[in-house]
Amino acid sequence: MNQSFRKLWNITFLVVGPLWALFVWMVWTSGQLRTPQQEGLFFSVVIPGFILIYLSGFLIAKRHARKQGSASS
């Protein structure tokens, strides 16, 4: 791998982010969310989910670096 994982992960999310927003917009405008409670639940799952997936990439990279460091010792 010629570039750092962090840079590749951020580039990936620059592409995935707008696609995720498109998905959210499609669900929002589809009429499937009929009550304010459903809308709130949707956003309370989608937004933290996106953030969790983004942050999990850095946790994976950290774990991988730790394993690589212990394997070389």
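Modeller: Leu19 lies in helix α1, which spans residues 5-29. The model is predicted, and the values discussed here are computed from it.

Biologist: Is Leu19 buried or exposed?

Modeller: A residue counts as exposed when its relative accessible area is over 50%. Leu19 has 52% relative accessibility and therefore counts as exposed.

Biologist: Which residues make the nonpolar surface patch, and what is its area?

Modeller: A nonpolar patch joins side chains such as Val, Leu, Met and Trp that lie within 5 Å. Here Leu19 contributes together with Val15, Leu22, Trp25 and Met26, and the patch covers about 540 Å².

Biologist: Which residues gather in the patch of positive charge?

Modeller: On the surface, Lys62, Arg63, Arg66 and Lys67 form this positive patch. Lys67 has its place in helix α2, residues 36-72. With a relative accessible area of 54%, Lys67 is exposed.

Biologist: Why is the pair of Trp28 and Phe43 tilted?

Modeller: Planes under 30 degrees apart count as stacked and those over 60 as edge-to-face, while the rest are tilted. The planes of Trp28 and Phe43 stand at 40 degrees, so this pair is tilted. The pair also links distant parts of the chain, since Trp28 belongs to helix α1 and Phe43 to helix α2, 15 residues apart. Trp28 counts as partly exposed at 34% relative accessibility, and Phe43 counts as partly exposed at 32%.

Biologist: What geometry do Tyr54 and Phe58 show?

Modeller: Tyr54 and Phe58 form an edge-to-face pair, with 5.2 Å from centre to centre and 80 degrees between the planes. Both residues are in helix α2, and because they are four residues apart, about one helical turn separates them. Tyr54 counts as partly exposed, at 26% relative accessibility.

Biologist: Finally, where is Thr12 found, and what separates the C-alpha atoms of Thr12 and Val45?

Modeller: Thr12 is found in helix α1 and is partly exposed, with a relative accessible area of 37%. Thr12 and Val45 are 33 residues apart along the chain, and 21 Å separates their C-alpha atoms.

Notes: Residues are numbered from 1 along each chain as its sequence is written. This is a predicted model: local features need pLDDT of at least 70, side-chain atom pairs count only at pLDDT 80 or more; totals for chains, interfaces and linings use all residues. Side-chain values use heavy atoms; hydrogens and water are left out. Patches are made of residues with over 30% relative accessible area and no salt bridge: like charges are joined within 9 Å, nonpolar side chains (Val, Leu, Ile, Met, Phe, Trp, Tyr) within 5 Å. Accessible areas come from the Shrake-Rupley method with a 1.4 Å probe; for residues, only the protein chains shown count as cover. A salt bridge is a side-chain nitrogen of Lys or Arg within 4 Å of a carboxyl oxygen of Asp or Glu. Helices (H or I, at least four residues) and strands (E, at least two) are DSSP runs, numbered from the N terminus. Buried means under 20% relative accessible area, exposed over 50%, partly exposed in between (1.4 Å probe, protein chains only). Lys and Arg count as positive and Asp and Glu as negative; His and the chain ends are not counted. The place of a charge is taken as NZ of Lys, CZ of Arg, CG of Asp or CD of Glu. Rings of Phe, Tyr and Trp (its six-membered ring) pair if their centres lie within 6.5 Å; planes under 30 degrees apart count as stacked, over 60 as edge-to-face and the rest as tilted.
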